[in-house]
Amino acid sequence: MKKTLIVTLIMMLSFTGLFAGGNKDADVASHDMEGQFGKAKYVLLFIGDGMAMTQINAAEAYLNAQAGTAPGIEKLSFTQLPAQGLTTTFSSNAFITDSAAAGTALACGEKTESGVIAMDASKTVELPTIAEMAKDAGMKVGIVSSVNLDHATPAVFYSHNQSRKNYYEINMELANSDFDYFAGGEVRLSKTPEGQKSAQDVMEERGFTIVSDKAEFLALQASENQVYAYNHGFAFNALDYAMDMDEDDITLAEFTKKGIELLDNEDGFFMMVEGGKIDWACHANDAAASIHNTIAFDKAVQEGIKFYNEHPEDTILIVTGDHETGGLTLGFAGTKYASAFNEISKQTMSWEAFNEYVLDPYKESHDGAGSLADLMPEIEKAFGLTDLNDDEMAMIEAAFARSLNNEVEKASDSQEYLLYGSYEPLTVTLTHIVNQRAGLAWSSYSHTGVPVQTFAVGVGQDMFNGYYDNTDIFKYMKTLMFPETLVAIAK
Ligand SMILES: [Zn+2]
């Protein structure tokens with residue numbers, strides 16, 4: 001493409017609002033598209049939910065600490081991708097976004113209110129999603145997540161709803177969708193109203209191939225049938241945390257690899273893969289669960305990179321986050337300048353597994369009258385906590401008493417909320433102690449407003465360099481997927 005045409009094209013794009021926001025000259029300078037501006041036939045969008053630089057860097061520091069004691073990082077695969085940017089995440093009504101508004105920005109290129117699924121901020125206009133555009137253009141489409149497929153981040157690609165909480169309406173939109181591949185955590189069938197068809201009933205009627213057994217899933221072959229594949233763990237029917245999985249579980253990487261196999265075709269595909277449980281781990285302030293799930297997410301990205309390496313001329317692969325969760329930081333007042341990331345490797349199960357397998361059964365069998373000494377061997381096994389100092393013991397004893405009396409803290413009591421969020425007091429105290437010993441700390445049980453990192457490789461990758469908004473990611477994808485429509489504008 002001639003330089004003059006590119007300049008004309010960029011001016012037209014700027015004029016039409018494609019690169020809306022920010023300094024227009026800087027947009028042009030930081031997006032050197034000459035020789036890169038092609039058509040992306042295969043689009044792989046990976047979203048680490050709740051994943052910003054600290055989640056990424058904590059995983060890299062942890063991996064380095066496995067190899068020795070020298071300070072440093074061992075890079076994940078996606079942090080080595082050639083194009084890298086910073087991305088702002090605010091919603092139309094809050095600096096700190098939720099997943100629905102952040103997802104809508106990525107899927108539809110527009111800011112909306114927190115809680116809204118692929119509709120505008122007035123909640124009256126349904127916004128076309130990049131996945132629907134791909135389907136309309138004859139591409140195959142896949143949606144993959146480690147949390148429930150009717151959760152906000154996957155939903156923004158196939159559903160339009162005023163509220164992310166309308167799970168039944170949302171999972172019925174999934175069931176009635178024409179997308180080719182849905183895989184990950186099971187939709188919330190428990191939200192089906194009495195006497196109504198469930199989303200799974202509708203999928204069966206419509207001829208979906210429905211699979212949840214791992215061997216059956218791995219044997220799936222490409223066909224014309226739509227696929228709904230799920231693997232639910234013990235909590236909320238999402239996938240288990242990576243650190244709690246066993247060999248019967250289907251991993252995010254396996255769902256991704258199979259998705260690529262099934263979607264690969266001459267007309268191209270769009271696939272979104274969400275690492276959703278990074279966010280859930282960070283809400284619960286469990287750094288070990290976040291780190292292991294970030295590593296599991298990286299393994300899913302590696303499947304995408306393998307595909308990119310086979311089709312470098314026709315593929316764009318993007319990795320981003322939708323927002324940061326937990327206010328995680330690498331440093332803690334109590335440990336000053338010291339870090340000890342190896343402390344994390346002593347934790348053998350997630351907060352969720354500790355509740356499910358240790359604390360809840362204990363509470364049920366002791367009816368408020370147990371003794372902390374009973375649980376100390378289990379606490380040592382799960383969190384690797386030995387040599388507890390007096391301060392740590394005092395915190396654990398206070399939290400144990402509250403958990404035993406089912407005093408899960410409520411947001412209305414602000415001082416107690418700072419200690420425990422709305423989590424089991426004992427469990428969140430234990431993860432806090434493990435994290436603090438490692439030199440990691442949290443500022444929130446919710447999301448924060450820091451920018452996320454975006455990484456890319458492939459056709460038009462340079463667009464993803466620089467500092468831009470989450471809505472721009474949609475615009476860059478659309479530009480690469482449908483360049484012919486933009487050239488038509490330029491003429
Ligand atoms: Zn999110």
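Reader: Which residue forms a salt bridge with K306, and how far apart are the closest N and O atoms?

Author: E303 forms that salt bridge with K306, with 3.2 Å between the closest N and O atoms. Keep in mind that this is a predicted model.

Reader: Where do E303 and K306 sit?

Author: Both belong to helix α12 (residues 287-310), and because they are three residues apart there, about one helical turn separates them.

Reader: Is E303 buried or exposed?

Author: The general idea is that buried means under 20% relative accessible area. E303 has 14%, so it counts as buried. K306, at 46%, is partly exposed.

Reader: How many salt bridges does a search of the whole structure find?

Author: The search turns up 17. Among them is D150 with R188, at 4.0 Å from N to O. D150 lies in the loop between β3 (140-148) and α6 (152-158), and R188 in the loop between β4 (181-185) and α8 (199-205), so this pair ties together parts 38 residues apart in sequence. D150 and R188 are both buried.

Reader: What about E392 and R437?

Author: Their side chains meet in a salt bridge too, 2.8 Å from N to O. The pair links distant parts of the chain, with E392 in helix α15 (residues 390-404) and R437 in helix α17 (residues 425-438), 45 residues apart. E392 is buried at 11% relative accessibility.

Reader: How many disulfides does the structure hold?

Author: The general idea is a pair of cysteine sulfur atoms within 2.5 Å. Here the structure holds zero disulfides. As for cysteines, C108 is buried at 7% relative accessibility, and C282 is buried at 0%.

Methods:
Residues numbered from 1 in each chain as written. Predicted model: local features only at pLDDT ≥ 70, side-chain atom pairs only at ≥ 80, totals over all residues. Heavy atoms only, no water. Buried < 20%, exposed > 50% of the residue type's maximum accessible area, 1.4 Å probe, protein only. Helix = DSSP H or I, 4+ residues; strand = E, 2+ residues; numbered from the N terminus.
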